[in-house]
Amino acid sequence: MKHEIEEKQLKISDSEISFSKIYEKPYVPQEYISDIKKANILLIPTENSDRYEHPIFPELTLEFLDYIKENAPEDIITDIAISDDDFNRLELHSAAVTVATVIVTYGILPIVTGIIAAYLYDKLKQLHRKEDELSAEVNIIVQNGKKSKRISYKGPVKGIKDTLDSTIPHLFENEEQA
């Protein structure tokens, strides 16, 4: 069985998304904003989709959120930027595992890439697949001061950690020199 996305696609781009902009979104429950602001890994929905009028999360989002909370170091605080009532999930039924978009600070990016890779490898085992038989879609927004970058990965689970980690040293290189 071959995976759905056969070649690695890695894209790094500037992003307008920041923690402070997320806090102002209408879907963020203001009664929990002080707890949400404590998070250094924040799961955020896809917005402004042509097909969906409400913010939407991939189908495995709650499982991924639980996985992070159970497996991350104690100093990692994870939350989701939406209320239970407004949570909408998109069931894709595809051979690719779509991981919920996360926003993180640059300092914990290596921890986050490790958690995402471990989650995907656990998913491989759960689905009784080999490394080259499952693909993933991952979006990480990384904030470093006032700048943010989006790392988008589509491709096989095999080698995902090395691919994501290879972006870390040079992610904000041009901004530091400017």
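Reader: Which residues are exposed on the other side of α3?

Author: K69 and E70 are exposed there. Keep in mind that this is a predicted model.

Reader: Which residues of helix α3 are buried?

Author: Helix α3 spans residues 61–71. T61, F64, L65, Y67 and I68 are its buried residues.

Reader: What makes these residues lie on the same side of α3?

Author: The arc they cover around the axis. It is only 160 degrees, which puts them on the same side of α3.

Reader: What do the buried residues of α3 pack against?

Author: They pack against strands β2 (41–44), β3 (57–58), β4 (78–80) and β7 (101–105), and against α4.

Reader: Why is K149 called buried?

Author: Buried means under 20% relative accessible area. K149 has 10%, so K149 is buried.

Reader: Where does K149 lie?

Author: K149 lies in strand β9, residues 147–156.

Reader: How do you know that β9 is largely enclosed by the rest of the structure?

Author: Look at its residues. 7 of the 10 residues of β9 are buried, so the strand is largely enclosed.

Reader: Which strands pair with β9, and in what sense?

Author: Strand β1 (residues 9–15) pairs with β9 in the antiparallel sense, over 7 bridges. Strand β8 (residues 135–144) also pairs with β9 in the antiparallel sense, over 10 bridges.

Reader: What makes these count as paired strands?

Author: Pairing needs at least two bridges between the strands. β1 and β9 have 7 bridges, so they pair. β8 and β9 have 10 bridges, so they pair too.

Reader: Which residues of β9 stand opposite I12 and V138?

Author: I12 stands opposite I151. The bridge partner of V138 is Y153.

Reader: What is found between the strands in the hairpin of β8 and β9?

Author: There are 2 residues between the strands. In this hairpin, G145 takes a positive phi near 65 degrees.

Reader: What makes the contact of K149 and D14 a salt bridge?

Author: A salt bridge needs a side-chain nitrogen of Lys or Arg within 4 Å of a carboxyl oxygen of Asp or Glu. The side chains of K149 and D14 meet at 2.7 Å, N to O, so the pair is a salt bridge. The pair links distant parts of the chain: K149 is in strand β9, D14 is in strand β1, and they are 135 residues apart.

Reader: Is D14 buried or exposed?

Author: Exposed means over 50%. D14 has 58% relative accessibility, so D14 counts as exposed.

Reader: How many salt bridges does a search of the whole structure find?

Author: The search finds 6. One of them joins K123 and E63, with the closest N and O atoms 2.5 Å apart. K123 lies in helix α4 and E63 in helix α3, so the pair ties together parts that are 60 residues apart in sequence.

Reader: What separates K161 and D165 in helix α5?

Author: About one helical turn, because they are 4 residues apart in helix α5 (residues 160–165). K161 forms a salt bridge with D165, and the closest N and O atoms are 2.5 Å apart. K161 is partly exposed at 30% relative accessible area. D165 is partly exposed at 22%.

Reader: Which residues touch the most other members of the largest nonpolar core?

Author: I41, L42, L43, L120 and I140 do, in a core of 52 residues. The largest share of this core, 8 residues, comes from helix α4 (residues 109–126).

Reader: What is L42 in contact with, leaving aside its neighbours within four places in sequence?

Author: Its contacts include F19, I22, Y23, I36 and D79. I80, A81 and V102 are also among them.

Reader: What is the phi of H128?

Author: Phi of H128 is near 55 degrees, a positive value in a residue other than glycine. Most residues other than glycine have a negative phi. H128 lies in the loop between α4 and β8.

Reader: Why is H128 called exposed?

Author: H128 has a relative accessible area of 72%. That is over 50%, so H128 is exposed.

Technical notes: Residues are numbered from 1 along each chain as its sequence is written. This is a predicted model: local features need pLDDT of at least 70, side-chain atom pairs count only at pLDDT 80 or more; totals for chains, interfaces and linings use all residues. Side-chain values use heavy atoms; hydrogens and water are left out. Buried means under 20% relative accessible area, exposed over 50%, partly exposed in between (1.4 Å probe, protein chains only). A nonpolar core is a set of buried Ala, Val, Leu, Ile, Met, Phe, Trp, Tyr and Cys residues joined through side-chain atoms within 4.5 Å. Contact means heavy atoms within 4.5 Å. The arc is that of the directions from the helix axis to the C-beta atoms.
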